[in-house]
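Please look over the model below alongside these notes. They are set out as numbered points.

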Amino acid sequence: MVTFELERTAPLPLAEAWRRLTEWPRHGEVVPLTRVTVATPSPTHVGTVFVARSGLGPLGFDDRMEVTLWRPPSDDEPGLCRLEKRGRVVRGWAEIEVRPGPGGRSRVVWREELGVRLLPGLFDPVLVRAARFVFGRAVNRLLRME
């Protein structure tokens with residue numbers, strides 16, 4: 001397992017940054033070769049399940065996630081969402097935090113613990129670099145999309 005954290009500041013109100021980061025199908029639009037399907041009825045809540053299918057045709061894997069904490073931002077508190085990764089290949093968790101930033105902007109903190117089944121620890125340095133690149137790019141693109 002590897003753990004990493006990304007931080008971004010976006011020129012968006014809290015609610016808009018939150019919306020852009022937690023509309024799950026949008027993640028499939030910004031992560032290459034990935035499609036996201038929500039398996040539970042809207043709106044998102046504790047217990048919402050969605051699956052990110054990555055790969056080409058039969059050469060792919062499912063990253064099944066469940067929302068275990070859902071606290072949208074309010075005037076008094078930052079927003080926080082925790083996802084548990086429950087797929088057969090990808091394990092771990094992710095947290096998305098959206099809090100007030102400087103000048104009316106939003107500060108986003110993405111924390112993640114990521115493990116890939118059968119991938120030896122020898123590859124952890126490569127995994128963490130690849131994850132920071134892929135997720136960092138995804139967060140940037142999600143925050144820019146309307």
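**Notes on the model**

1. Valine 90 is found in strand E6, residues 90–100. Strands here are DSSP runs of E with at least two residues, helices are runs of H or I with at least four residues, and both are numbered from the N terminus. The model is predicted, so local features need pLDDT of at least 70 and side-chain atom pairs count only at pLDDT 80 or more, while totals for chains, interfaces and linings use all residues. Residues are numbered from 1 along each chain as its sequence is written, and side-chain values use heavy atoms, with hydrogens and water left out.

2. Is valine 90 buried or exposed? Its relative accessible area is 6%, so valine 90 is buried. The cut-offs are under 20% relative accessible area for buried and over 50% for exposed, with partly exposed in between (1.4 Å probe, protein chains only). Leaving aside residues up to four places away in sequence, valine 90 touches Phe61, Asp63, Lys85, Leu114 and Gly115; contact means heavy atoms within 4.5 Å. The C-alpha atom of valine 90 is separated by 7.9 Å from that of aspartate 62, and the two residues are 28 residues apart along the chain.

3. Arginine 20 lies in helix H1. Its relative accessibility is 8%, and therefore arginine 20 counts as buried. The side chain of arginine 20 reaches the backbone oxygen of leucine 143 at 2.5 Å. A polar contact is a pair of N or O atoms within 3.5 Å; within protein, one must be able to donate a hydrogen and the other to accept it, and residues adjacent in sequence count only if both atoms are side-chain atoms. With residues up to four places away in sequence not counted, arginine 20 touches Leu12, Arg26, Leu142, Leu143, Arg144, Met145 and Glu146.

4. On aromatic pairs, the count comes to 4. The rule takes rings of Phe, Tyr and Trp (its six-membered ring) with centres within 6.5 Å; planes under 30 degrees apart count as stacked, over 60 as edge-to-face and the rest as tilted. The rings of tryptophan 18 and tryptophan 70 have centres 4.9 Å apart and planes at 50 degrees, so this pair is tilted. The pair links distant parts of the chain, with tryptophan 18 in helix H1 (residues 14–22) and tryptophan 70 in strand E4 (residues 59–71), 52 residues apart. Tryptophan 18 counts as buried at 7% relative accessibility, whereas tryptophan 70 is partly exposed at 23%.

5. Tryptophan 110 and phenylalanine 135 also form a tilted pair, at 5.8 Å centre to centre and 35 degrees between the planes. This pair too links distant parts of the chain: tryptophan 110 is in strand E7 and phenylalanine 135 in helix H3, 25 residues apart. Both tryptophan 110 and phenylalanine 135 are buried. Phe4, Trp110 and Phe135 form one aromatic cluster.

6. Some backbone values deserve a check. Most residues other than glycine have a negative phi, and most peptide bonds are trans. Leucine 33, in the loop between helix H2 (24–30) and E2, has a positive phi near 60 degrees. Leucine 33 counts as exposed at 54% relative accessibility. Leucine 118, in the loop between strand E7 (106–116) and helix H3 (124–144), has a positive phi of about 70 degrees. Leucine 118 is exposed as well, with a relative accessible area of 79%.

7. The peptide bond from serine 42 to proline 43 is cis, with omega near -5 degrees. Proline 43 is in the loop between strand E2 (34–38) and strand E3 (49–56).
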